[in-house]
Amino acid sequence: MLSCKHQEYTVTKGDVLLFSPGGNHACIPSGGGTLGCRGFNITREVMLDLAEEVTGRRALPGFSRNVVSDEGITCCLRPLHELVWLGGGCCVRKSLRQGMVGVKGSSG
């Protein structure tokens, strides 16, 4: 169960959770199970830089949806997370930029 912006969501394996910078949230595993997730914590400054690079505006994004069920996005984020985890620093910014353009251009 995810609580974000005064709404509750049921999340399932493979869902992508998006939190606006500085936004509060809470996740509670249901049915006595464990909660497993991978995440990116992008600093405010880096997010501002990326947003400006992609949109031309230096403004923090706000996400209209907090839960996205899209296997295509999930499949792109898994290898990116592994790259970060393994320390592929120089490639990460480029991958994030390409991912933001891809997500921006997707329907939803």
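Guide: One term to begin with: a polar contact is a pair of N or O atoms within 3.5 Å; within protein, one must be able to donate a hydrogen and the other to accept it, and residues adjacent in sequence count only if both atoms are side-chain atoms. This is a predicted model, in which local features need pLDDT of at least 70 and side-chain atom pairs count only at pLDDT 80 or more, while totals for chains, interfaces and linings use all residues. Residues are numbered from 1 along each chain as its sequence is written, and side-chain values use heavy atoms, with hydrogens and water left out.

Visitor: Which backbone oxygen does the side chain of Asn66 reach?

Guide: That of Leu18, at 2.7 Å. The Asn66 side chain also has a polar contact of 3.4 Å with the side chain of Tyr9.

Visitor: Is Asn66 buried or exposed?

Guide: Buried means under 20% relative accessible area, exposed over 50%, and partly exposed in between (1.4 Å probe, protein chains only). Asn66 has 1% relative accessibility, so it counts as buried.

Visitor: And which residues does Asn66 touch?

Guide: Leaving out residues up to four places away in sequence, Asn66 touches Cys4, Lys5, Tyr9, Val16, Leu17, Leu18 and Phe19. Contact here means heavy atoms within 4.5 Å. Asn66 itself lies in the loop between α1 and β5 (67-68).

Visitor: How many helices and strands are there?

Guide: The protein chain has 3 helices and 5 strands, and from the N terminus the elements run β-β-β-β-α-β-α-α. Helices (H or I, at least four residues) and strands (E, at least two) are DSSP runs, numbered from the N terminus.

Visitor: In what order do the 3 strands of the open sheet come?

Guide: The order is β2-β1-β4, with antiparallel pairing. β2 (7-9) and β4 (25-27) are at the edges with a single partner strand each, so one side of each has no neighbour in the sheet. On average, neighbouring strands of this sheet are turned by 15° against each other, direction ignored. Axes are lines fitted to C-alpha atoms, for helices over the stretch in contact, and angles run from 0 to 180 degrees between N-to-C directions.

Visitor: How many bridges join β1 to β2?

Guide: There are 3 bridges between β1 (residues 2-4) and β2; two strands pair if DSSP finds at least two. Ser3 stands opposite Glu8 in β2.

Visitor: New topic. Where is Glu45?

Guide: Glu45 is in helix α1 (residues 44-55). Its relative accessibility is 45%, so Glu45 counts as partly exposed. The Glu45 side chain makes a polar contact of 2.3 Å with the side chain of Arg58.

Visitor: What does Leu48 touch?

Guide: Leu48, also found in helix α1, touches Arg58, Ala59 and Leu60, not counting residues up to four places away in sequence. Leu48 and Arg58 are 10 residues apart along the chain, with their C-alpha atoms separated by 5.5 Å. At 11% relative accessibility, Leu48 counts as buried.

Visitor: What pLDDT does the protein chain average?

Guide: The average is 78, and 81% of the residues score at least 70; pLDDT is the predictor's confidence in each residue, from 0 to 100. Over residues 101-108 the pLDDT is below 50, and this stretch has 5 contacts in the model beyond near neighbours in sequence. Where pLDDT is low, the predicted coordinates should not be read in detail.
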